[in-house]
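Here's a quick tour of a protein chain for anyone new to reading structures. Have a look at the picture first, then follow the notes below.

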Amino acid sequence: DLTGKGHKIVLYTYPKDNTSGCTAEACSLRDAYQDLTAAGYTVIGVSKDSVKSHTGFRAKPSLPFTLLADTETTLLQSLGAWGEKKMCGKVSVGTLRKTYIFTEDGTLERIIEKVDTKNAAQQILGQ
């Protein structure tokens with residue numbers, strides 16, 4: 001938007017490019033992209049993957065939104081989206097899947113802690 005008006009921001013953090021859950025989440029956001037933008041949202045994904053990895057990940061399913069490469073995990077840590085997680089009984093440290101929704105003035109409005117990857121857009125839009 002070149003009018004200078006603020007946008008609502010959907011900033012979603014995800015563990016890894018080209019994995020089934022992360023692809024399902026990205027495709028949910030892609031499929032509802034027109035609805036999200038019509039509701040005033042700008043969508044941005046963040047993971048610790050490289051720019052090169054993001055380029056390939058965006059191309060395959062034709063993702064229409066920006067993916068940020070936070071290779072040093074600075075943003076992820078500041079958001080509280082980096083920490084311990086359990087998978088198959090094993091504890092590791094990595095990116096936590098969360099969605100942060102900001103108002104036009106930059107105020108954090110809501111955090112979706114339990115993201116339903118196949119219905120991520122519907123969780124944002126409240127459907």
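A residue counts as buried when its relative accessible area is under 20%, as exposed when that figure is over 50%, and as partly exposed in between. Ser-47 comes out at 0% relative accessibility, so Ser-47 counts as buried. Keep in mind that the model is predicted.

**Ser-47 and its neighbours**

- You'll find Ser-47 in strand β2.
- What does the side chain of Ser-47 join up with through a polar contact? The partner is the side chain of Asp-49, and the contact is 3.0 Å.
- Leaving out residues up to four places away in sequence, Ser-47 touches Tyr-14, Pro-15, Asp-17, His-54, Leu-68, Ala-69, Asp-70 and Leu-76.
- Tyr-14, one of those neighbours, turns up again in the section on rings.

**Helix α1**

- Helix α1 covers residues 20-31, which is 12 residues.
- From its first C-alpha to its last, α1 reaches 16 Å, close to the 16 Å expected at 1.5 Å a residue.
- Which residues of α1 are buried? They are Cys-22, Glu-25, Ala-26, Cys-27, Ser-28 and Leu-29.
- These buried residues pack against strands β1 (8-13), β2 (41-47) and β6 (98-102), and also against helices α2 (33-38), α3 (51-59) and α5 (120-125).

**Aromatic rings**

- Searching the whole structure turns up 4 aromatic pairs.
- One of them is Tyr-14 with Phe-57, a tilted pair with 5.9 Å from centre to centre and 35° between the planes.
- This pair links distant parts of the chain: Tyr-14 is in the loop between β1 and α1, while Phe-57 is in helix α3, 43 residues apart.
- Buried or exposed? Both Tyr-14 and Phe-57 are buried.
- Tyr-14 and Phe-57 also belong to one aromatic cluster, together with Tyr-12, Tyr-33 and Phe-65.
- Over at Tyr-41, the ring has the charged end of Lys-8 sitting over it, 4.7 Å from the ring's centre.

**Salt bridges**

- How many salt bridges does a search of the whole structure find? It finds 4, and here are some of them.
- Arg-97 and Glu-25 meet through their side chains in a salt bridge, at 2.6 Å from N to O.
- That pair links distant parts of the chain, with Arg-97 in the loop between β5 (90-95) and β6, and Glu-25 in helix α1, 72 residues apart.
- Glu-25 has a relative accessible area of 0%, so Glu-25 is buried.
- Asp-31 and Arg-30 also meet in a side-chain salt bridge, at 2.8 Å from N to O.
- Asp-31 counts as exposed because its relative accessibility is 59%, whereas Arg-30, at 26%, counts as partly exposed.
- Lys-98 forms a salt bridge with Glu-113, and their closest N and O atoms are 3.3 Å apart.
- Here again the pair links distant parts of the chain: Lys-98 is in strand β6, and Glu-113 is in the loop between β7 (108-112) and α5, 15 residues apart.
- Lys-98 is buried, with a relative accessible area of 12%, but Glu-113 is partly exposed at 47% relative accessibility.

**Positive phi angles**

- Most residues other than glycine have a negative phi.
- Asn-18 isn't a glycine, yet has a positive phi of about 60°.
- Asn-18 lies in the loop between β1 and α1, and with a relative accessible area of 41% Asn-18 is partly exposed.
- Thr-73 isn't a glycine either, and its phi is positive too, near 60°.
- Where does Thr-73 lie? Look in the loop between β3 (66-69) and α4 (74-79).
- Thr-73 has a relative accessible area of 7%, so Thr-73 is buried.

**Thr-103**

- Thr-103 sits in the loop between β6 and β7.
- Why does Thr-103 count as buried? Because its relative accessible area is 16%, and the cut-off for buried is under 20%.
- Along the chain, Thr-103 and Val-10 are 93 residues apart, but 9.2 Å separates their C-alpha atoms.
- Thr-103 touches His-7, Lys-8 and Glu-109, not counting residues up to four places away in sequence.
- Lys-8 is the residue whose charged end sits over the ring of Tyr-41.

Terms used: Residues numbered from 1 in each chain as written. Predicted model: local features only at pLDDT ≥ 70, side-chain atom pairs only at ≥ 80, totals over all residues. Heavy atoms only, no water. Helix = DSSP H or I, 4+ residues; strand = E, 2+ residues; numbered from the N terminus. Expected span 1.5 Å × (residues − 1). Buried < 20%, exposed > 50% of the residue type's maximum accessible area, 1.4 Å probe, protein only. Contact = heavy atoms within 4.5 Å. Phe/Tyr/Trp six-rings, centres within 6.5 Å; stacked < 30°, edge-to-face > 60°. Lys NZ or Arg CZ within 6 Å of the ring centre and 35° of its normal. Polar contact = N/O pair within 3.5 Å; in protein donor to acceptor, adjacent residues only side chain to side chain.
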